[in-house]
Amino acid sequence: MMSSSGSSTTSTKPYGVNLKFSIKPDRREEFLSIAKDTQQKALETEPLALQYIFGEDVDTPNTFHIHKQFIGEEGLVAHRKTEHGVNWDTFSNSDPFATDGQPTFDCFYGDHDVEKVPIRSCFGVQVELCIKANLIEDFLDVIRNNQKGSTNDEKLCLQYVWGESTVEKNTFVFHEEYMGDDGGKEGFDAHTQTPHFVAWEKFTEKEPFSRPPVVNFFKTIS
């Protein structure tokens, strides 16, 4: 399932990046200013940029999550070379991160449609799942069903995208967005009551994980 970033197939697919990090409290406002500037300029000026969203962890103040999407890994490479990309690197190299809050990230190619996603408010979910090799096919069937149901049947689901990690086999990376009351949490709560989510819960009874799942929740900052 892992893709080669140099192939003609993957270069036209959505390339997603999930990031997590913690900012020192006294650098918070500086971070927010840079993040908003980067978000706006990436979407307005980069032809290969599809999405840029960020928000704060619902449980841990000053811990932030970013999801970016580009057309192919080439889009990310181009993003890093822009003036706003360089400004972000300069900020990142200025010691803004809290102790044990250095950035961690996952990258993946998705099979969803290539489309530009506007800046919007939402309740975000980012997940990393490491699946036992003997259960991969069952996992893929359940997840494709979950994505289909979430996208087609849930009025409060804005987005459900996923793919296999580009660096670790049998590790899968997800980004989901919901709307509704309580900053969009209403939509996520509704998601957990659907038949396709119940099917997912049933699948987890097989103990499919080779290491514990990583699940993060955040709300966007306007």
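Reader: Which element gives the largest share of the lining of the largest pocket?

Author: The general idea comes before the case. Rolling a probe the size of a water molecule over the atoms shows where empty space is left. In this predicted model, β6 supplies the largest share of the lining of the largest pocket, 8 residues.

Reader: What is the volume of that largest pocket, and how many residues line it?

Author: The volume of the largest pocket is about 490 Å³. Its lining holds 31 residues, and H112, D113, Q147, Y160 and V161 are the ones nearest its centre. Two or more lining residues come from each of β4, α4 (136-153) and β6 (157-164).

Reader: How does the lining of the largest pocket divide by class?

Author: It has 14 nonpolar, 9 polar and 8 charged residues.

Reader: What volume does the second largest pocket have, and which residues lie closest to its centre?

Author: The second largest pocket holds about 330 Å³ of space. It is lined by 19 residues, with L19, K68, R80, W88 and D89 closest to the centre. The elements giving two or more residues to this lining are β1, β3, α2 (72-81), α3 and β4. Of the elements, α3 gives the most, with 4 residues. By class, the lining of the second largest pocket comprises 11 nonpolar, 5 polar and 3 charged residues.

Reader: Which residues does F54 touch?

Author: Leaving aside residues up to four places away in sequence, F54 touches F31, L32, A35, K36, Q39, H65, I66, F218, T220 and I221.

Reader: Where does H79 lie, and is H79 buried or exposed?

Author: H79 is part of helix α2. Its relative accessibility is 4%, so H79 counts as buried. Residues up to four places away in sequence aside, H79 touches T38, A42, E46, Y52, K68, F70, H84 and G85.

Reader: Next, the backbone. What is phi of N62, and where is N62 found?

Author: The feature to look for is a positive phi in a residue other than glycine, and phi of N62 is near 70°. N62 is found in the loop between β2 and β3. With 13% relative accessibility, N62 counts as buried. D95 also has a positive phi, of about 65°, although D95 is not a glycine. The loop that holds D95 runs between α3 and β4.

Reader: And the whole fold: how many helices and strands does the protein have?

Author: There are 6 helices and 8 strands. Along the sequence, the pattern is β-α-β-β-α-α-β-β-α-β-β-α-α-β. Among contacts with a separation of 6 or more, 76% join residues 24 or more positions apart.

Reader: What radius of gyration does the protein have, and what would a compact globule have?

Author: A compact globule with 222 residues would have a radius of gyration near 17 Å, and the protein has 17 Å, so the two agree. The C-alpha trace spans about 45 × 40 × 35 Å along its principal axes. Of the 222 residues, 49% count as buried.

Note on methods: Residues are numbered from 1 along each chain as its sequence is written. This is a predicted model: local features need pLDDT of at least 70, side-chain atom pairs count only at pLDDT 80 or more; totals for chains, interfaces and linings use all residues. Side-chain values use heavy atoms; hydrogens and water are left out. Contact means heavy atoms within 4.5 Å. On a 1 Å grid over the protein atoms alone, a cavity is a set of points where a 1.4 Å probe fits but cannot get out, and a pocket is an open set with protein on both sides within 12 Å along at least five of seven lines; lining residues have an atom within 4 Å of a point. Grid points are joined across faces, edges and corners, and a volume is the space filled by probe spheres set on the points. Ala, Val, Leu, Ile, Met, Phe, Trp, Tyr, Cys and Pro count as nonpolar, Asp, Glu, Lys and Arg as charged, and the others, Gly among them, as polar. The radius of gyration is taken over C-alpha atoms; the globule rule is 2.2 Å times the number of residues to the power 0.38. Buried means under 20% relative accessible area, exposed over 50%, partly exposed in between (1.4 Å probe, protein chains only).
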